[in-house]
Amino acid sequence: MTNNIQFINKQISFISSKLNKLNIDFYIVGAIGAYIDANIPLQRQHDDLDLMIEEKDIKKLEEVFKETDFSFFDNRFTSNKTLNEYGYPEGDHEVYAKLKDSEFHIGFFIYYKSSDTYTICEYFNQDGKQKKLERTLPINIFNYQYNDTPISYLGNTIKVVRKELIYKNKFHIKIPDG
């Protein structure tokens, strides 16, 4: 597991330094973001890294992975996701970068925001047509869920999901002491 944690930290350093150089605003989300927010070292095996970026930065994001060991994919308009019985798209990230000769990938959740709202975007296929699902909430909800104050992690500036959001959404996770 130590090798995996070192590998994940190396990927966090790689992607955060590249995104910061291009002035791409991002958040580390999922379990890894929650560990960082809680100031607790990574404690389990991770096979991916989830980030959230603004939709306007996807073209710049493609530049991040040029001349790297990653292959970049933007499948927003060719997504094979379908809606589940609850009306949510199921399937892999539409935008992701896969490390060559590996199962590891960096998946990107897409959003945009204004001064009043934020909108999470997902693309899916329904009856052979590509569609976009937008879930819009008040900006104060965004501020409860994502820490907009940059922090330093491994010598890079990052933003993270608030740990409480992950614990709320993944009810089987116990909130660690600390």
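Contact here means that heavy atoms lie within 4.5 Å. By that rule, and leaving aside residues up to four places away in sequence, L49 in this predicted model touches Q11, I12, I15, I28, I32, F104, H105, I106 and G107.

We can now turn to the charged side chains, where a search of the whole structure finds 14 salt bridges. One of these joins K159 to D25, with the closest N and O atoms 2.9 Å apart. This pair links distant parts of the chain, since K159 sits in strand β11 (residues 156–161) and D25 in the loop between α1 and β1 (26–29), 134 residues apart. K159 is buried, at a relative accessible area of 13%, whereas D25 is partly exposed, at 23%.

A salt bridge also forms between K132 and E55, whose closest N and O atoms are 3.1 Å apart. Because K132 lies in strand β9 (residues 129–138) and E55 in the loop between β2 (48–54) and α3 (58–64), the pair ties together parts that are 77 residues apart in sequence. K132 counts as partly exposed, at 35% relative accessibility, while E55, at 15%, counts as buried.

The side chains of K60 and D57 meet in a salt bridge as well, at 3.6 Å from N to O. Finally, salt bridges that share partners join E55, D74, R76, K132 and E134 into one network.

Methods
Residues numbered from 1 in each chain as written. Predicted model: local features only at pLDDT ≥ 70, side-chain atom pairs only at ≥ 80, totals over all residues. Heavy atoms only, no water. Salt bridge = Lys/Arg side-chain N within 4 Å of Asp/Glu carboxyl O. Helix = DSSP H or I, 4+ residues; strand = E, 2+ residues; numbered from the N terminus. Buried < 20%, exposed > 50% of the residue type's maximum accessible area, 1.4 Å probe, protein only.
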